[in-house]
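Me: I would like to go through this model with you. Could we begin with the charged side chains?

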Amino acid sequence: MEGEGLIHQPIVVQTSVLSKRWVLLWTLVPTLNLQDSYRSIFDQQDRMKFVHFVDRVLFLKKSASVEKFSLNCQPIYGQSCINKWICTAVEQGLREVDISVTEISKEYLVKLPSGLFLMKTLKILKLHGGIMVDVLVSVCLPSLKILHLLRVKYANAESISCFISGCPSLEKLHIDVRISPDNMMNFNISVPTLITLYLSLEYAFEEEPHAENFEINAPALKNLIYIIYTSSVSMHKQYFVENFPCIREANICVPEFYRTEILKAVSGVGCLRLTWNQDFFDLVLEYNFCPLFANLTRLELRGVMNWRLLLLFLENSPKLETLVADYKIFRRDGRPRWGEPKPVVKCFLSSLSRVCFEDFRGLEEQVKMVEYFLMNA
């Protein structure tokens, strides 16, 4: 069934009572989608009903094939109960596992059973919320293609690196993590097969944090989304990003202190979206650092910018066809930054065909800039 994963298991089971011949028909559905109610946190009767239901479903499914197991529940059931359900499902030789536990507090974090990380058939693994990733044994997921680690906690700084090292066939990786003094980690993402990387990091410290190492080596990477949120200035001890020779699309939003290594790493990209603050743009201009984007055909610049910065990117994008930019060409003190470049930028004469300036207000300097584009591109 194409869309069976969209129907919660209770509905599938309830439907079976419409006919005696359908009583066990639901067990043939290859997907288990189990989700409790938020009321279970406060209502013991609701919790008992859900426990009985899941136990019964898993018992009846033992003799049937299960390809996908999805569990979305509160941590109030306890680690032993949740792990019992997971272990029972793991015995089915699953291809996809999606586990989401509501995060309440540190005391209710759930450590998953080691058997989950030793599945030879697993292709997709998604973990979300109040889960503690504690890799006590070697991870061995030889068939895993897609891995999501969304807002989970980590037992130590090496947890992510150890986890990923046990996934030799990984193609898509999505990490969303809030890094704090009690959730520090080293990022060493070295995956030769990785095609898509979505990395969202939020740094939250009340004072200067202890810096960690950050390394990415993914020679087959084609798609990169790299976002960093921070509430304080933070520097990694070591920050190393290997070049991505196969990169096609990149969406990058980082603060100024992550320097310019990432620009060089994605210089072969075809479609690039950059969102940075004024300090980073000033840093790029101060050192006049902008690599040659030899394959770039679409460029989006977001955030505080100015004409000099835009010109720097245009001069280094000889094949650019489409430009989208926030229309802020003024310094923070309000002085204009427009100045007509000489000679005309190369992409104006050969490839640039579409320009979109957002937040256009018709100011004199803005109009001059638009006139220049219309006259020369």
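**Charged pairs, rings and a serine**

Reply: Arg273, Arg298, Glu300, Arg302 and Glu358 are joined in a network of salt bridges. A salt bridge here is a side-chain nitrogen of Lys or Arg within 4 Å of a carboxyl oxygen of Asp or Glu. This is a predicted model, in which local features need pLDDT of at least 70, side-chain atom pairs count only at pLDDT 80 or more, and totals for chains, interfaces and linings use all residues. Residues are numbered from 1 along each chain as its sequence is written, and side-chain values use heavy atoms, with hydrogens and water left out.

Me: How many salt bridges are there in the whole structure?
Reply: The search finds 12 salt bridges.

Me: How far apart are N and O in the salt bridge of Glu358 and Arg302?
Reply: The distance is 2.4 Å, N to O, between the side chains of Glu358 and Arg302. Glu358 lies in strand β19 (residues 354-358) and Arg302 in strand β17 (residues 298-302), so the pair ties together parts that are 56 residues apart in sequence. Strands (E, at least two residues) and helices (H or I, at least four) are DSSP runs, numbered from the N terminus.

Me: Is Arg302 buried or exposed?
Reply: Arg302 is buried, with a relative accessible area of 14%, while Glu358 is partly exposed at 29%. Buried means under 20% relative accessible area, exposed over 50%, and partly exposed in between (1.4 Å probe, protein chains only).

Me: Which residue does Asp55 meet in a salt bridge?
Reply: Its partner is Lys84, at 3.4 Å from N to O. Asp55 belongs to helix α2 (residues 44-60) and Lys84 to helix α3 (residues 79-90), so this pair ties together parts 29 residues apart in sequence. Asp55 is partly exposed, with a relative accessible area of 29%, and Lys84 is partly exposed at 41%.

Me: And what does Glu202 form a salt bridge with?
Reply: Glu202 pairs with Arg178, and the closest N and O atoms are 3.6 Å apart. Glu202 is in strand β11 (residues 196-203) and Arg178 in strand β9 (residues 172-179), so distant parts of the chain, 24 residues apart, are linked.

Me: Changing topic to the rings: how many aromatic pairs does the structure hold?
Reply: The structure holds nine aromatic pairs. Rings of Phe, Tyr and Trp (its six-membered ring) pair if their centres lie within 6.5 Å; planes under 30 degrees apart count as stacked, over 60 as edge-to-face and the rest as tilted. Among them, Phe348 and Phe373 form a tilted pair, 4.9 Å centre to centre with 45° between the planes. Both Phe348 and Phe373 are buried.

Me: What about Tyr372 and Phe373, and why is that pair edge-to-face?
Reply: The ring centres of Tyr372 and Phe373 are 6.4 Å apart and their planes are at 90°, so the pair is edge-to-face. Phe348, Phe357, Tyr372 and Phe373 form one aromatic cluster.

Me: Why is helix α7 largely enclosed?
Reply: Seven of the nine residues of helix α7 (residues 307-315) are buried, so the rest of the structure largely encloses α7. Trp307 and Phe313 are among the buried residues.

Me: Lastly, where is Ser159?
Reply: Ser159 is in helix α4 (residues 159-165). Ser159 is buried, with a relative accessible area of 3%. Leaving aside neighbours within four places in sequence, Ser159 is in contact (heavy atoms within 4.5 Å) with Val133, Val135 and Tyr154.
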